[in-house]
Amino acid sequence: MASTPPSRPSPQVEVIPPRPGELRRARAVARVLDDLIPIPGTSWRIGIDPLLGLFPGVGDWVGWAASLHLLLSAWRAGADAATLVRMAGNMVIDALVGAVPVLGDLFDMAWKANDRNLRILEGVVAEPADTRRSSRWVVGSVVAGTVTLLGLASIGALLVLRTVVGAVSGLF
């Protein structure tokens, strides 16, 4: 009779509380990017994210880099892989649609990916027992996939811009 090898105990996953001030900084990043400027006569607010999007390619990268702070804060707070993927998905949707000139900037004003991700992060912090620290591989994959998709979106936006400039210059 063959005996089965003893099973290995699953490693304990340590939940790390957010660093002091990290949630405060994440709230500040989300506010600046999505809700900094009140629109007079309305209850609407916009942040600098859609304004950065007016600078094709470069503006989207700057906004994305700032948004990455929320994703990293959630990882440090012990968010599981599904939560990190959901947050990265919000960033990817923001980046892909936001890369479309003008229409993407209008979308950014309504979508507010950073505000969405802040609410997810606050849920992770409020319920630490429900979250586990993800492996670095998962976080690296999410970040690498997001960077790749944002890069492709930026290339697409630049190609559209080049086509528009070529068409307009051909009229004169």
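The crossing of α3 and α6 is left-handed. In this predicted model, the axes of the two helices, α3 and α6, come within 10 Å and cross at roughly 15°. Angles under 35 degrees count as roughly parallel, and α3 and α6 are therefore roughly parallel to each other. On the α3 side, the contact is made by Ser67, Leu70, Ser73 and Ala74; on the α6 side, Asn114, Asn117, Leu118, Leu121 and Val124 take part. By class, this contact of α3 with α6 comprises 5 nonpolar and 4 polar residues, with no charged residues.

Helix α6, which spans residues 113–126, also packs against helix α1, residues 22–34. Here the angle is about 160° and the axes lie 8 Å apart. Angles over 145 degrees count as roughly antiparallel, and α1 and α6 are therefore roughly antiparallel to each other. The crossing of α1 and α6 is left-handed. From α1, the contact draws on Leu23, Ala26, Arg27, Ala30, Leu33 and Asp34. From α6, the residues are Ala113, Asn114, Asp115, Leu118, Leu121, Glu122 and Val125. The residues of the contact between α1 and α6 divide into 8 nonpolar, 1 polar and 4 charged.

A further partner of α6 is α4: the two helices pack at an angle of about 170°, with their axes 9 Å apart. That angle makes α4 roughly antiparallel to α6. In α4, the residues that meet α6 are Thr83, Arg86, Met87, Asn90, Met91 and Asp94. Their counterparts in α6 are Ala113, Arg116, Asn117, Ile120 and Val124. This contact of α4 with α6 divides into 5 nonpolar, 3 polar and 3 charged residues.

Rolling a probe the size of a water molecule over the atoms shows where empty space is left. The structure holds 1 cavity of 30 Å³ or more, and the largest cavity has a volume of about 110 Å³. Of the 13 residues that line the largest cavity, Asp49, Asp60, Trp64, Asp94 and Ala95 are the closest to its centre. The elements giving two or more residues to this lining are α3 (58–76) and α4 (81–98). By class, the lining residues divide into 5 nonpolar, 4 polar and 4 charged.

Terms used
Residues are numbered from 1 along each chain as its sequence is written. This is a predicted model: local features need pLDDT of at least 70, side-chain atom pairs count only at pLDDT 80 or more; totals for chains, interfaces and linings use all residues. Side-chain values use heavy atoms; hydrogens and water are left out. On a 1 Å grid over the protein atoms alone, a cavity is a set of points where a 1.4 Å probe fits but cannot get out, and a pocket is an open set with protein on both sides within 12 Å along at least five of seven lines; lining residues have an atom within 4 Å of a point. Grid points are joined across faces, edges and corners, and a volume is the space filled by probe spheres set on the points. Helices (H or I, at least four residues) and strands (E, at least two) are DSSP runs, numbered from the N terminus. Ala, Val, Leu, Ile, Met, Phe, Trp, Tyr, Cys and Pro count as nonpolar, Asp, Glu, Lys and Arg as charged, and the others, Gly among them, as polar. Axes are lines fitted to C-alpha atoms, for helices over the stretch in contact, and angles run from 0 to 180 degrees between N-to-C directions. Angles under 35 degrees count as roughly parallel, over 145 as roughly antiparallel, 65 to 115 as roughly perpendicular and the rest as oblique. A crossing is left-handed if the near helix is turned anticlockwise from the far one by less than a right angle, and right-handed if clockwise. Contact means heavy atoms within 4.5 Å.
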